[in-house]
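Trainee: Before we go through the fold together, could you take my questions one at a time and say how each term is defined?
Mentor: Gladly; here is the model we will be reading.

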Amino acid sequence: MSEYFSLSECDVIGFDLDHTLCRYHLKETSRLIYESFARYLVEHKGYDKDLLNLSPATWDFCFKGLVVDLEDGNLIKLAEDGTVLRASHGTRHLSTEEIIEHYGPRREWKHFESLNTSYTRSAKYYFYDNYFDLPGALLCARVVDMLHKVTTFFAHGNHANNCLWVSVVSSLKASFKKTCFALLSLICFCFQRGNEVTADLWKDMVAAIDHNYNTSAFKEDAGWYFPNVKRDPARYLQPCSDSLKAWLHSMKNAGKVLLLITSSHSDYCRLVCEHILGKDFEELFDVIITNALKPGFFSLVPQQRPFRILVNDVEESDGLPSLEKPGWYSQGNWPHLHELLKVMTGKPEPKVVYFGDSMRSDVFPASSYGKWETVMIVEELEGEGVRRNSAAKPAEAQLEPQEKKVKYEDQGMKTPSAASEQWGSYFVDAHRSESGEEDAPKLTWCCYSIHTYSTMAIPSVEAIVDLPLDYKFPRFSPDKPTTTGYFPRPPDSLLKMYGTVP
């Protein structure tokens, strides 16, 4: 394999939508997602109104790449070797002594091998790797904190409640199912050890999820998330630059086949794409696939889901036996897509690259099952010294009156992509002794995953749109330092780890 990667050598170029082609105003979107659930709990279920009060420091807890340990009831940050670097219960930071109490003197997490080879959710753990998950995790952790203050604890949840959750999730929009699984998984882990979960709490959270994200919510303006985004998309979505649009056109003019593959439903996809790319966005892509239900789009072979035709954003009941022509489809699977791409490119094995932000849904399955090249979008690079493309810098989101939102102080709020005081760097961290001294720095499991399964990593698609298609990017390789493969440069913490001054 060449040590360089070039788009000019690819026949097919595919993109995820959310947090890839479409960048969100993360602060505004995070507050909206949090508010969507918190308001329901407070206004409909009588939860403590203090859930609506957020200080800037509260958002430091939101950090991508954490794992919910459902057996020990903790949220953990893992090193590349599967040992626990940091942990919390609720939002409370666990000391080194407490980590050793849970995971032993070597701090080994026993389910690491399973997670590290599958990147799938389990009854024993859940991996948080997207920005839609994080506000819900914060809300559940805050509920845990509140319940720890009371003296009366509730009874255990039961199997019937789990069945209720699975039944409701099956009716939700696919783009939010992973968020909903994360929410309920976090509730489970937070309460199971303290005997604090009740049937009512399970029902309340399921109801909050269903109220905001069921499949008809977008059309019916139900809940808070979709109505807010529909009313004021500029507040939450960052339009693509003219440079990015020209870049997409240049690839089509060069004979590349362009794909858009997203787990978002077609109605939400259309709203997002019209705002960020324009009303004619469909002309940019040869194939659009919505409700793709990743990672199953790649991994469910040979039990793959068929492609379905959409009529007025409604899926036809009969699946297609194969994919025979370009167009806009729903659900589907990569083997059938691969057969179409062979016909479209005239090549027996077309070379495909896919851009995505999620290791679990995009990069790992596309690389492992589809054998595609992958470019991972890692916004955390911008929090560690990598400058943002000037053409891509968005205008500030226009805010509504304070009383219409969760009460918060915007001044000093950490964006979810920035390093955290509580959790540290996304890329590098170190174990701490019981006396508080740091050991030698280690790569985090997230950092290890990036250079293991992606071809290269960039802070945003905008970072490369001004370069010629034949530009040669250094690719990640087991024979190269782990700093190789980041463009335009590695994060500060990696450079510091290897003794290079940023």
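Trainee: Which residue in E12 is the bridge partner of Ile-261?
Mentor: This is a predicted model, in which local features need pLDDT of at least 70, side-chain atom pairs count only at pLDDT 80 or more, and totals for chains, interfaces and linings use all residues. Residues are numbered from 1 along each chain as its sequence is written, and side-chain values use heavy atoms, with hydrogens and water left out. E11 and E12 run parallel and are joined by three bridges, where strands (E, at least two residues) and helices (H or I, at least four) are DSSP runs numbered from the N terminus, and two strands pair if DSSP finds at least two bridges between them. Within E12, the bridge partner of Ile-261 is Ile-289.

Trainee: Which residues of strand E12 point the other way from Val-287 and Ile-289?
Mentor: Strand E12 covers residues 287-290, and Val-287 and Ile-289 point one way from it. Buried means under 20% relative accessible area, exposed over 50%, and partly exposed in between, with a 1.4 Å probe and protein chains only. By that rule all four are buried, and those pointing the other way are Ile-288 and Thr-290.

Trainee: Why does Ala-254 count as partly exposed?
Mentor: Ala-254 is found in the loop between H10 and E11, and its C-alpha is 8.6 Å from that of Ser-8, although the two are 246 residues apart in sequence. Ala-254 is classed as partly exposed because its relative accessible area is 45%.

Trainee: Which residues touch the most other members of the largest nonpolar core?
Mentor: A nonpolar core is a set of buried Ala, Val, Leu, Ile, Met, Phe, Trp, Tyr and Cys residues joined through side-chain atoms within 4.5 Å. Of the 122 residues in the largest one, six touch the most other members: Phe-15, Trp-109, Tyr-225, Trp-247, Phe-355 and Ile-450.

Trainee: Which helix gives the largest share of this core, and what lies apart from it?
Mentor: Another core, of 21 residues, lies apart from the largest one and has Val-287, Ala-292, Phe-298 and Trp-334 among its members.

Trainee: What is the relative accessibility of Met-344?
Mentor: Met-344 lies in helix H13 (residues 334-345) and, leaving aside its neighbours within four places in sequence, is in contact with Val-257, Asp-286, Val-287 and Pro-326. Its C-alpha is separated by 8.4 Å from that of Lys-325, which is 19 residues apart along the chain. Met-344 counts as partly exposed because its relative accessibility is 26%.

Trainee: How many disulfides are there by the distance rule?
Mentor: A disulfide is a pair of cysteine sulfur atoms within 2.5 Å. Cys-446, buried at 8% relative accessibility, has its closest cysteine sulfur in Cys-447 at 8.7 Å, which is too far for a bond. By this rule the count of disulfides is zero.

Trainee: What percentage of the residues of the protein chain count as buried?
Mentor: The chain's secondary structure comes to 16 helices and 22 strands, and residues 24 or more positions apart account for 74% of the contacts with a separation of 6 or more. Of its 502 residues, the share that counts as buried is 59%.

Conventions: Contact = heavy atoms within 4.5 Å.
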